[in-house]
Amino acid sequence: MERFSFKNLIEALYNNELDAIITYDFEVEGKEDLESITIEECEPIVAISKSNPLSEKKDLKVSDLSEEQFVIVNPDECENGVNLVKRDMNKYSGFIPKFYIVDTMENAVLWVEGGGKCAVFNTGMRALLTLSK
C-alpha cells in the first residue's frame, strides 16, 4: 500500500506502476482509457474550526463564509477538485472562495484545525476531522 498525491496516483496508474487506485471520481473525469466504479458516494462538507466565531452561529449557511479563506490542495495536484469547488460554491452560494494553497490534504486539515482557514472536504473525511485533537 502506498500514498500518492492525486496527480501522481493517476500517473502511476497510466505508467502501469499500479493496477488499481481508489480516488475521488472528479479526479478521473475525462481521463482516457480508465474504467471506474463507485465504491461509496461522499457528499461535500464545509469544515471550519471550533475556534472560528462562525462555528457558534445557528443556521450557518455556506454563503456566510464568503469572507473566509478556503484552504485547498495545489491545483497542479488536484485541478479537477479546485474547479469543482469554484463552480459549486459560485452556483449554490453565490461566491467564489478566496483560496490558500497547500501541498497536501494533511496540511489542509491542519489549517482548518488550527482555526486559520475553512475547507471543502467530503463526508468520508469526517472520521479524520473528528478524531484529530
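This is a predicted model: local features need pLDDT of at least 70, side-chain atom pairs count only at pLDDT 80 or more; totals for chains, interfaces and linings use all residues.
Strand E1 spans residues 44-47, and its side chains alternate between two faces. The partner of E1 is strand E4, formed by residues 119-122; the two strands run in the antiparallel sense and are joined by four bridges. Within this pairing, Ala 47 lies opposite Ala 119 of E4.

Two residues other than glycine have positive backbone phi values. In general, most residues other than glycine have a negative phi. Asn 16 has a phi near 60° and is located in the loop that links helix H1 (6-14) to E1. Its relative accessible area is 68%, so Asn 16 is classed as exposed, the cut-off for that class being over 50%. For Asp 59, phi is likewise near 60°. Asp 59 belongs to the loop between E1 and strand E2 (69-73), and its relative accessibility of 66% places it among exposed residues.

The loop between H1 and E1 also contains Ile 37. This residue is exposed, with a relative accessible area of 76%. Together with Ile 22 and Ile 39, Ile 37 makes a nonpolar surface patch of about 410 Å².

Definitions and conventions
Residues are numbered from 1 along each chain as its sequence is written. Side-chain values use heavy atoms; hydrogens and water are left out. Buried means under 20% relative accessible area, exposed over 50%, partly exposed in between (1.4 Å probe, protein chains only). Two strands pair if DSSP finds at least two bridges between them. Patches are made of residues with over 30% relative accessible area and no salt bridge: like charges are joined within 9 Å, nonpolar side chains (Val, Leu, Ile, Met, Phe, Trp, Tyr) within 5 Å. Accessible areas come from the Shrake-Rupley method with a 1.4 Å probe; for residues, only the protein chains shown count as cover. A salt bridge is a side-chain nitrogen of Lys or Arg within 4 Å of a carboxyl oxygen of Asp or Glu.
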